[in-house]
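Me: I have a few questions about the words used for this structure. Please set each value against its definition.

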Amino acid sequence: MIGYRVKSLREERKMSISELSTKSGVAKSYISSLERNLQTNPTILVLEKIARILCIKVDALLNEQADKCMDEEWMDILHDLMTAGISKEEIREFIQVKKCSSV
């Protein structure tokens, strides 16, 4: 159930419904209805907004078997990297260098 996954992921991130609502732009009442499974057919747009704030792919909300999400520490690290202006390409380069130097 999508609502259960939204609630579970939100709580894992120690985020209130109000905070998720403010950050995602989805009404607090709608998120609450979704989490209580009163709203069972959210649009892809709503799911995208919620997933973006929870730092997951929409698939993780739709698919019960989707992999566990990153923990909060990893999300903080990624946020710090993005804020510092470090690109995905630079991170990939760093990973390649580390792989080569450990061989």
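**Terms and values**

Me: Why is Ser24 called buried?

Reply: Ser24 has 5% relative accessibility, and buried means under 20% relative accessible area, exposed over 50%, and partly exposed in between (1.4 Å probe, protein chains only). Ser24 is therefore buried. This is a predicted model, in which local features need pLDDT of at least 70, side-chain atom pairs count only at pLDDT 80 or more, and totals for chains, interfaces and linings use all residues. Residues are numbered from 1 along each chain as its sequence is written, and side-chain values use heavy atoms, with hydrogens and water left out.

Me: What does Ser24 contact, leaving aside neighbours within four places in sequence?

Reply: Contact means heavy atoms within 4.5 Å. On that basis Ser24 is in contact with Ile31, Lys49, Ile50, Arg52 and Ile53, neighbours within four places in sequence being left aside. Ser24 itself is found in helix α2, residues 17-24; helices (H or I, at least four residues) are DSSP runs, numbered from the N terminus.

Me: Why is His79 called partly exposed?

Reply: The relative accessibility of His79 is 48%. Partly exposed lies between the two cut-offs already given, so His79 counts as partly exposed. His79 lies in helix α6, residues 72-83.

Me: What span does α6 reach, and what is expected?

Reply: The expected span of a helix is 1.5 Å times one less than its number of residues. With 12 residues, α6 reaches 16 Å from its first C-alpha to its last, close to the 16 Å expected. Gly85, with a positive phi near 85 degrees, follows α6.

Me: How many disulfides does the structure hold?

Reply: A disulfide is a pair of cysteine sulfur atoms within 2.5 Å, and the structure holds zero. Cys55 is partly exposed because its relative accessible area is 39%. Cys100, at 56% relative accessibility, counts as exposed.

Me: What makes a nonpolar core, and which residues of the largest one touch the most other members?

Reply: A nonpolar core is a set of buried Ala, Val, Leu, Ile, Met, Phe, Trp, Tyr and Cys residues joined through side-chain atoms within 4.5 Å. The largest has 18 residues, and Val6, Leu20, Ile50, Leu54, Ile56 and Leu61 touch the most other members. Two or more residues come from each of α1 (2-12), α3 (28-35), α4 (44-53) and α5 (58-62). With five residues, α4 gives the most to this core. Among the residues that Leu61 touches, not counting those up to four places away in sequence, are Val6, Ile50 and Ile56.
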